[in-house]
Amino acid sequence: MIDERLRRAAGALERSVEGVDVLERLEALGRRRRRQRTTTAVLAVAAVLGGAVLGVRTLRSTDPVAGTPPAAPPAPARVVTTIPITNRPIAVATGDGAVWVATGNPTWVYRIDPATGQGITSIAVPPVPTSLAATQDAVWVLSPEDGSVSRIDPATNQLVATIPVEGKPSGLAVGAGAVWVATQDGTVARIDPASDRVVATIPVGQAPGGLTVASGAVWVALPERGGLGRIEPAGNRLTVVRVPRCCDGALAAGEQALWVANTLDGTLVRVDPATGQVAARVLLPRNTDQRPHQVVVGEGAVWVTSAGAGRGTANLLWRVDPASNQVTDTTDLGPTAAGGIPNDVAAGYGAVWAAGTDLDSLTRLQPG
Amino acid sequence: MSGEWQRTVGVPAVHAGVDPLDPAAGAAEGFEAFYVREYHAVVRLAYALSGSRLAAEDIAQDAFLRAFRDWDHIRQPSAWVRKVTVRRAGRTVQRRLLEARALTRLLNGRGPAVAELPEQDAQVWRAVRALPRRQSQVIALRYVADASVAEISQALGLAEGTVKAQLHRGRQALAVRLATSGEDHRD
């Protein structure tokens with residue numbers, strides 16, 4: 001009984017510190033350290049000039065708060081092509097030999113040749129497409145306003161099915177033999193691609209976030225439940241994995257890991273999908289008010305776009321090395337034009353592809 | 001489904017990528033990553049043992065600042081920073097000084113980010129703090145930091161047998177204290 005009481009009190013303690021901004025505190029610690037370093041340097045100069053100078057230089061060279069660059073950083077990703085798409089690009093995906101871009105006005109999906117950057121065709125889809133997932137035999141389009149998921153046949157570039165999904169659909173993932181749709185009503189709908197019908201609706205709790213498939217299971221961000229949901233496709237059973245200060249944001253799978261662009265603490269969280277345990281928290285560079293937004297794995301790296309609330313802030317693309325769990329490159333994609341609407345990102349065909357309303361274009365980057 | 005999926009806080013267990021018992025952990029992990037991973041857990045520990053939400057963050061921050069200074073020489077940073085925190089949290093004079101610093105910030109409009117505990121839970125931690133010092137430290141490390149006997153032994157420099165004995169006595173004393181004061185709300 002006392003054991004249970006102590007555990008409950010420990011849970012209350014955990015909740016009491018949830019509002020503490022760890023990155024702000026880390027910056028404060030850096031400021032304190034710099035002040036102390038300055039004071040130390042002045043005092044040391046007064047004592048022994050030569051030795052003090054050497055001491056300050058040594059401190060600076062080993063300052064971990066300033067970040068330690070990798071020994072041999074890769075060449076930065078560079079923009080090689082900008083393909084104008086002026087009717088509000090929202091989402092991008094790669095698959096079946098093409099790059100697919102969804103736009104908001106009009107509501108189309110463009111098929112683009114990754115080799116030439118030329119548009120091949122455009123397909124009208126229900127309003128407003130916010131997420132795409134491409135496989136070998138289908139491109140799936142999420143249209144929350146219409147309350148549906150549409151299917152495009154890449155062999156004919158035709159819209160072949162529109163599947164109603166109840167409960168305000170908000171997230172999309174494909175894998176483990178099905179199409180999975182998170183809804184704002186707190187469910188994940190399972191669509192059978194053989195029949196193009198919703199065959200199961202799994203309650204997951206309030207306000208589910210990003211969705212992906214990793215290691216044969218479906219993972220969904222559940223910020224209201226303090227972590228991640230793991231759905232076993234065999235029985236559509238949900239298990240909640242508690243992850244402290246996580247998980248609100250997009251998910252991606254790859255490099256034998258599950259990645260969470262965690263807006264709660266501004267880090268990229270790496271989870272081992274075999275155990276559900278956190279393997280690392282990647283600290284993303286803090287630039288103005290940028291937070292991680294979208295994440296994708298491909299071309300040997302994890303790619304994260306940033307989101308900022310303010311007009312004129314930078315659209316950033318961070319490259320994270322999955323071997324070291326460190327940011328090895330930051331690419332500035334240009335200022336946001338209005339509302340800080342962030343980019344979507346995809347990887348494939350030797351490139352990283354960034355699309356966004358603020359960019360009015362699809363940007364092809366050469367990975368470093 | 002195995003019990004692993006239901007694990008909650010458990011800093012050492014959850015963060016499997018960095019084993020705090022690994023002697024090379026400090027060298028392999030950068031300070032920033034260590035800080036982000038551990039900061040909330042250390043603030044909780046400071047709050048439980050000091051009882052001051054005003055001073056908890058400063059106690060933790062001071063411990064991390066010390067860890068930063070000695071980073072190259074610390075072999076087990078998780079255990080190290082907990083050890084410094086439990087010592088500092090128990091020092092009344094130091095706590096008062098840190099509270100004064102926090103009050104100054106409060107007057108400047110920057111209140112503590114740590115929230116007040118519900119009274120029922122605050123009573124439990126008051127009872128823990130009223131225990132003999134070693135017992136309160138062992139109980140806090142066990143329940144707040146989810147540390148194993150081996151990890152507590154390492155953090156406090158005690159034999160494992162001593163840790164087990166202190167845990168047992170501490171739980172017994174708490175059960176009596178909370179029951180006597182009518183605070184052990186049995187469900």
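Predicted model: local features only at pLDDT ≥ 70, side-chain atom pairs only at ≥ 80, totals over all residues.
Biologist: How many bridges join the two strands, β6(A) and β7(A)?
Modeller: There are 4 bridges between β6(A) and β7(A), the latter covering residues 139–143 of chain A, and the two run antiparallel. Two strands pair if DSSP finds at least two bridges between them. Within this pair, A:A133 stands opposite A:W140 of β7(A).

Biologist: And the faces of β6(A), are they covered or open?
Modeller: Both faces of β6(A), residues 131–134, are covered, with A:S131 and A:A133 buried on one side and A:L132 and A:A134 buried on the other. A residue is buried if 20 or more other C-beta atoms, placed from the backbone, lie within 10 Å of its own, exposed if 12 or fewer do, and partly exposed in between.

Biologist: Which residues does A:L132 touch?
Modeller: Leaving out residues up to four places away in sequence, A:L132 touches, among others, A:V92, A:W100, A:V139 and A:W140; a contact here has C-beta atoms, placed from the backbone, within 7 Å. A:L132 is also one of the three residues, with A:V92 and A:V181, that touch the most other members of the largest nonpolar core, which holds 156 residues. Such a core is a set of buried Ala, Val, Leu, Ile, Met, Phe, Trp, Tyr and Cys residues joined through C-beta atoms within 7 Å.

Biologist: Which element gives the most to this core?
Modeller: That is α3(B), with 14 residues.

Biologist: OK, over to chain B, then: how many helices and strands does it have?
Modeller: Chain B has 10 helices and 0 strands, and 48% of its 187 residues are buried.

Biologist: Why is α8(B) called largely enclosed?
Modeller: Helix α8(B), residues 133–143, has 9 of its 11 residues buried, so it is largely enclosed by the rest of the structure. Among the buried ones are B:V138, B:I139 and B:R142.

Biologist: How many residues does the contact between the chains take?
Modeller: The contact takes 45 residues from chain B and 43 residues from chain A. On the side of chain B that touches chain A, α3(B) makes the largest share, 12 residues. That side divides into 29 nonpolar, 6 polar and 10 charged residues, where Ala, Val, Leu, Ile, Met, Phe, Trp, Tyr, Cys and Pro count as nonpolar, Asp, Glu, Lys and Arg as charged, and the others, Gly among them, as polar.

Biologist: Last topic: what pLDDT does chain A average?
Modeller: Chain A averages 82, and 82% of the residues score at least 70, where pLDDT is the predictor's confidence in each residue, from 0 to 100. Over residues 41–72 of chain A, however, the pLDDT is below 50, and this stretch has 23 contacts in the model beyond near neighbours in sequence.

Definitions and conventions
Residues numbered from 1 in each chain as written. Chains lettered and ligands numbered in written order. Contact = placed C-beta atoms within 7 Å.
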